Every structure is written in C-alpha cells, then in structure tokens.
Amino acid sequence: MNLRDIKTFLKLAELRNFGKTAEELFISQTAVSARIRSLETELNTSLFIRSTHYVILTSAGRQFLPYAKSIASTMESAKQELVFYNNFDMHITIAAPESIWDTAFVNTLSMVVESHREIYFKFLCDHSSNILPKILDHSIDIGFTLHPPYHNDIRTVPICRSRYLLLCSPGLALPSDRMTAENIGDFPFINMHWGKDFEAWFSGHYPVSAYRMAVDQTSILTKFLLNGNGIAFMPERYASEYLSEGTLVSIPFEYSETLPDEECCAAYLAGNANILLPIIHEINNLLDKNKT
C-alpha cells in the first residue's frame, strides 16, 4: 500500500474536492484521481462518491479512514524516530511495568542517560507478561519484570526483592483486625495481578470469588487505597513512602509466612550480553546507592 496514495486519500476526505486537493498537494487533478483509483483497486472497493459539485466518503471509505490515519501517523512517527536514531552510536529500548516506574527508578535512568550521551534511549511502560515476547522479537532490549522469565535465549539479572503487604487507609473501618480465608468476603478487598507466583499463592489459599473490585494499574490501586475504598496487596518497595507518611497501614493476614516475595529482574537476549550487561549493572548499582 503506497503511503503517497493514503495521504492523498486523507486530504481528499478532508477537503472533499479534487481541485482543492490537487492544489494542496501541488499535483494535478489527474494525479489525484489516479492515486485514489490505485488505492481503490488495491482495496477492491470504492472509497468516494463522486459528483460534479462534491466528493464524499462511501461507507467503505468511512471504515477505512481511521486505518489510513493510523498508517500515516505511524509512518511519520517512524520517520521522526529514525532521525534521532541516526544521530547516535547505539539505541537501547527499556521497558518496565508501571509499578516499577517510581521516583527512584526514573532518577536512576536519568543518571544513566546523562552518562551515556552516545546512546539513544527509549523508555516504555508495559505489563511483565508482554515484555518477554517483545524482548524475543527485538522491540525491547532490556525488560524489567516482576517475575523471572524462563527462556533459553533470555538471561536475567536480579534487581531487588520485596515482600508483599496487605494495606489500607488508616481510617477504613474493617470487620476484623486480621484477614483470613474465612472472613475475606467481609473485607472490601481489591484484586491486583502481581504475577504468576503471587496468583498461585492467592488462589491456593483464598477463594477466587472473594473480591468485588479488580484493577490493573498500581497508580489506580493506590488512589483507591488512599481514598479508603478498600484493602489490597502491594509490594513494600512501592508502599514504603505511604507507610512512612502514615497514609497507608499494614494489616495482618493468614498464610503470610508462605507468600513469596516479589522478584524484580532485568531480562535481555543472551546474544546482546556484551552490549547490555554493562548498562544493566550500572542501573543496578545506582539503584543500590539510592537505597542507601
């Protein structure tokens, strides 16, 4: 599919006039018509209803319009990014789940960027489950995950461990001073997916139907907790600031002694070890310094 034809389609859809479209694109009306016909032939459908006074999109044209906009936008974004790429010796894409993107992590990465001006860095936010396949297809170079991925082509470096705490706002009235498998249904429990190990522990000890709310972003969960809307599990590394401020408090819960810690690691393709390991170790060392 020709990008030039798509841009001509978008301009004609906007202006609804062959003459004005030709003027805007600095081409002849014949060229505009030829590009639209080419696109219609490729899609095997008519995109416009033509008359002597106006041009409007057909039903198929309206269906194709958002896809055409997306294609054009993606190509423009790619062009702009490649301009940046060409100005640097190396390009590294780093991804991590939302809960890892706290102030300490952002500050650490800012220091790494400053010390490597020859590298173009791109930072992404994604779920741990999505990071592994993106490492394998080379769209992510370093992925920070909340559970170690197991794959022959992937290597990992441990970054940190953190225990899970059951938290709520100090002003929230609770049915008991300790949550158990029997009374969890009486608690306003909010579920958050913290990875396979946590889910295996939770489903093995607590009824799956025990919660009435579920979220998939740590920032959303935090707002619910601070607003006094319920209780939820959260890694201590993320909750420590709220605990020290007294805006969240920890609640005892049954089977706490068997709950596995959250294990954060940096994952990368084994074949890129020489390039990526020094960067990973630098990030790890800076994170350790920031803790102290």
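Predicted model: local features only at pLDDT ≥ 70, side-chain atom pairs only at ≥ 80, totals over all residues.
**Entry 1: the open pocket**

I started with the empty space. Rolling a probe the size of a water molecule over the atoms shows where such space is left. The largest pocket came out at about 550 Å³. I counted 25 residues in its lining, and those nearest the centre are His 127, Ser 128, Ser 129, His 147 and Gly 195.

Which helix gives the most to this lining? Helix 6 does, with four residues. I noted that helix 6 spans 128-136, and that helix 7, at 196-205, also supplies at least two residues of the pocket lining. By type, the lining of the pocket splits into 10 nonpolar, 10 polar and five charged residues.

How many cavities of 30 Å³ or more does the structure hold? I found one. The largest cavity has a volume of about 60 Å³. Its lining takes in 13 residues, with Leu 146, Tyr 164, Asp 197, Asp 261 and Glu 262 nearest the centre.

Helix 7 turns up again here, giving three residues, the largest share of the cavity lining. Strand 12, which runs over 262-269, supplies at least two residues of that lining, as does helix 7. I sorted the cavity lining into six nonpolar, two polar and five charged residues.

**Entry 2: salt bridges**

I got 12 salt bridges for the structure.

Glu 24 and Lys 11 meet through their side chains, at 3.8 Å from N to O. This pair links distant parts of the chain, with Glu 24 in helix 2 and Lys 11 in helix 1, 13 residues apart. Lys 11 has a relative accessible area of 18%, so I log it as buried. Glu 24 is partly exposed at 46%.

Arg 163 and Glu 236 form another bridge, at 2.9 Å from N to O. Here the partners sit 73 residues apart: Arg 163 is in the loop between strand 6 (154-162) and strand 7 (164-168), and Glu 236 is in helix 9, residues 236-245. Arg 163 is partly exposed, with 47% relative accessibility. Glu 236 also counts as partly exposed, at 28%.

Salt bridges with shared partners tie Lys 7, Glu 76 and Lys 79 into one network. Within it, the closest N and O atoms of Glu 76 and Lys 79 are 3.9 Å apart. Why are Glu 76 and Lys 79 separated by about one helical turn? Because they are three residues apart in helix 4. I have Glu 76 down as partly exposed, with a relative accessible area of 29%, and Lys 79 as partly exposed at 41%.

**Entry 3: positive phi**

Then I went through the backbone. Most residues other than glycine have a negative phi. I made a note of two with positive values.

Arg 16 is not a glycine, yet its phi is positive, about 60 degrees. I located Arg 16 in the loop between helix 1 (3-15) and helix 2. Is Arg 16 buried or exposed? Its relative accessible area is 51%, so Arg 16 counts as exposed.

Phe 26 has a phi near 60 degrees, again positive in a residue other than glycine. I found Phe 26 in the loop between helix 2 and helix 3, the latter at 29-43. Phe 26 has 76% relative accessibility, so I call it exposed.

**Entry 4: Gly 19**

I also looked up Gly 19, which is in helix 2, residues 18-25. Its relative accessibility is 17%, so Gly 19 counts as buried. I checked Gly 19 against Cys 264, which is 245 residues away along the chain, and their C-alpha atoms are separated by 59 Å.

**Entry 5: a surface patch**

Last, the surface. Which residues form a nonpolar patch there? Met 1, Ile 71 and Met 75 do, with about 250 Å² of accessible area together. Ile 71 belongs to helix 4, which covers residues 59-85. I list Ile 71 as partly exposed, since its relative accessible area is 33%.

Conventions
Residues numbered from 1 in each chain as written. Heavy atoms only, no water. Patch = residues over 30% accessible without salt bridge, like charges linked within 9 Å, V, L, I, M, F, W, Y side chains within 5 Å. Areas by Shrake-Rupley, 256 points an atom, 1.4 Å probe, with all protein chains shown as cover. Salt bridge = Lys/Arg side-chain N within 4 Å of Asp/Glu carboxyl O. Buried < 20%, exposed > 50% of the residue type's maximum accessible area, 1.4 Å probe, protein only. 1 Å grid on protein atoms, 1.4 Å probe; cavity = no way out; pocket = protein on both sides within 12 Å on 5 of 7 lines; lining within 4 Å. Points joined across faces, edges and corners; volume = space filled by probe spheres on them. Nonpolar A, V, L, I, M, F, W, Y, C, P; charged D, E, K, R; others polar.
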